[in-house]
Amino acid sequence: MGTDPADPPQAEATMEQCACVERELDKVLQKFLTYGQHCEQSLGELLHYVGQLRAELAGAALQGTPLSATLSLVMSQCCRKIKDTVQKLASDHKDIHSSVSRVGKAIDRNFDSEICGIVSDAVWDAREQQQQILQMAIVEHLYQQGMLSVAEELCQESTLNVDLDFKQPFLELNRILEALHEQDLGPALEWAVSHRQRLLELNSSLEFKLHRLHFIRLLAGGPEKQLEALSYARHFQPFAQLHQREIQVMMGSLVYLRLGLEKSPYCHLLDNSHWAEICETFTRDACSLLGLSVESPLSVSFASGCVALPVLMNIKAVIEQRQCTGVWSHKDELPIEIELGMKCWYHSVFACPILRQQTSDSNPPIKLICGHVISRDALNKLINGGKLKCPYCPMEQNPADGKRIIF
Ligand SMILES: [Zn+2]
């Protein structure tokens with residue numbers, strides 16, 4: 001068909017368009033840089049000149065002599081120079097404007113700005129409700145990103161009513177994460193201990209990793225912290241089996257405490273990456289324990305949209321070209337399946353091949369005795385005189401023999 005959405009030339013063309021805009025952008029940045037340097041230099045010179053003149057005037061004032069003709073000439077020259085410099089800088093600044101507007105034009109020229117036609121208007125039918133869903137998604141994203149005050153502000157402005165139960169987990173996660181960023185393990189440890197059982201069920205090593213970091217921090221304190229470190233090591237006891245090797249490493253490092261851990265084979269323990277890692281582990285495990293997604297639904301949707309958009313624009317063009325309107329009439333469904341990559345695989349779904357609807361609890365997939373699978377609603381519709389004829393292999397069978405399938 002020549003319109004394969006995954007066509008490499010298509011991707012190449014997009015890259016070329018990005019490069020085009022980038023080139024214009026580079027020009028602006030370069031101009032800004034040169035302008036900044038030039039500005040600083042000429043203002044510096046001017047200041048120096050004015051400073052000198054001021055000193056001269058002060059000297060004359062001190063001696064009580066009236067302003068000489070030379071000095072007043074120099075002063076008027078100075079004023080003119082100031083005026084000229086400022087005018088020159090202002091006009092140079094204006095020149096940058098034209099470069100900035102060229103970036104905008106490059107974007108317009110290289111990218112399709114008309115993407116409204118991609119979604120059918122029907123999607124926005126229930127405008128008010130849609131708007132509320134969108135606002136809620138943005139608020140959730142802001143909470144998830146730790147931008148609590150922005151989220152609160154949006155709630156107020158949009159008169160969105162978010163109850164405390166919804167906010168609470170985000171507030172708690174953020175409080176703990178903020179402490180972790182400050183290298184304060186206290187709140188995270190407290191949380192991990194109070195959720196120990198459920199964390200273990202998730203196969204999480206969060207609590208162990210937190211204790212380990214605390215231990216390492218004691219080690220970094222040198223020989224005077226040895227006793228404290230040894231006594232803290234009892235916290236590893238519940239993890240002895242699961243993390244035997246790591247515990248051995250930590251115990252081994254004690255030997256080098258006097259020499260200094262940073263000069264020992266155990267210097268990797270002091271690596272700062274452990275702190276980044278603990279933030280990640282905490283976020284992932286806490287989110288999964290609280291039933292939250294690590295990435296907000298909004299960012300997942302946005303990323304998916306970015307992948308799907310070029311494909312949809314291609315399809316739109318094809319539909320218009322062939323004048324086969326009406327193909328894209330389903331409100332909740334795209335005209336074709338778009339591959340979003342493994343990252344977006346969450347759970348298996350089954351769409352009934354007869355009714356073209358995703359199966360659900362109320363309309364589950366049913367496996368017929370011939371092996372073909374259709375939804376229950378489809379099955380009910382196909383029953384004729386108490387018998388069912390498979391729509392695929394026309395095997396005749398008893399509808400009651402179909403078995404529900406669970407994915
Ligand atoms: Zn069949």
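Contact here means heavy atoms within 4.5 Å. The model is predicted, so to speak of local features a pLDDT of at least 70 is needed, side-chain atom pairs count only at pLDDT 80 or more, and totals for chains, interfaces and linings use all residues. Residues are numbered from 1 along each chain as its sequence is written, and side-chain values use heavy atoms, with hydrogens and water left out.

**Domain layout**

- The domain assignment lists domain 1 (11-108), domain 2 (163-290), domain 3 (297-325) and domain 4 (351-404); such bounds come from an automatic or database domain assignment.
- Taken over C-alpha atoms, the centres of domain 1 and domain 3 are separated by 47 Å.
- D165 and V50 lie 64 Å apart in space, C-alpha to C-alpha, and 115 residues apart in sequence.

**Helical elements**

- Helices (H or I, at least four residues) and strands (E, at least two) are DSSP runs, numbered from the N terminus.
- Accessibility classes rest on relative accessible area: buried is under 20%, exposed is over 50%, and partly exposed is in between (1.4 Å probe, protein chains only).
- D165 belongs to helix α5 (residues 164-181), and D165 counts as exposed because its relative accessibility is 65%.
- In helix α6 (residues 186-194), the buried residues are P187, A188, L189, W191 and A192.
- The cover over the buried residues of α6 includes α5, α7 (196-201), α8, α9 (226-232) and α11 (273-290).
- Helix α10 (residues 244-253) has I247, V249, M250, G252 and S253 as its buried residues, and what covers them includes α8 (206-220).
- S304 is located in helix α12 (residues 297-321) and counts as buried because its relative accessible area is 14%.
- Apart from neighbours within four places in sequence, S304 contacts L340 and C344.

**UniProt features**

- UniProt positions are given in the numbering used here, feature names are shortened, and annotations may be inferred rather than shown by experiment.
- An unreviewed UniProt entry places "domain: CTLH" at residues 169-226.
- Residues 169-226 are 76% helix and 0% strand, and the end C-alpha atoms of this span lie 37 Å apart.
- For residues 352-393, UniProt lists "zinc finger region: RING-Gid-type", again from an unreviewed entry.
- Over residues 352-393 the chain is 17% helix and 26% strand, with 16 Å between the end C-alpha atoms.

**Zinc site**

- Donors are N, O and S atoms within 2.8 Å of the metal (3.2 Å for Na, K and Ca); water is not among the atoms, so sites may look incomplete.
- The zinc ion has C370 (SG), H372 (ND1), C390 (SG) and C393 (SG) as its protein donors, at 2.0 to 2.2 Å.
- Along the chain, the donors of the zinc ion have the spacing C-x1-H-x17-C-x2-C.
- The site of the zinc ion is tetrahedral, with angles of 105 to 113° among its four donor atoms.
- Four donors count as tetrahedral if all angles lie between 85 and 135 degrees.
- C390 counts as buried because its relative accessible area is 3%, whereas C393 counts as partly exposed because its relative accessibility is 27%.

**Sheets**

- Strands of a sheet pair through backbone hydrogen bonds, either parallel or antiparallel.
- Two strands are taken to pair if DSSP finds at least two bridges between them.
- Strand β1 (residues 365-367) runs antiparallel to β6 and is joined to it by two bridges; K367 stands opposite K403 in β6.
- S375 is part of strand β2 (residues 373-375) and counts as buried because its relative accessibility is 0%.
- With neighbours within four places in sequence set aside, S375 contacts C352, L355, T359, N363, P364, P365 and I366.
- Another open sheet has three strands in the order β3-β4-β5, and its pairing is antiparallel.
- The edge strands in this case are β3 (383-384) and β5 (396-397), each pairing on one side only.
- Two bridges connect β3 with strand β4 (residues 387-389), and these strands run antiparallel; the bridge partner of N384 in β4 is K387.

Note on methods. Four donors count as tetrahedral if all angles lie between 85 and 135 degrees; four count as square planar and six as octahedral if opposite donors are over 155 degrees apart and all others between 65 and 115; anything else is irregular.
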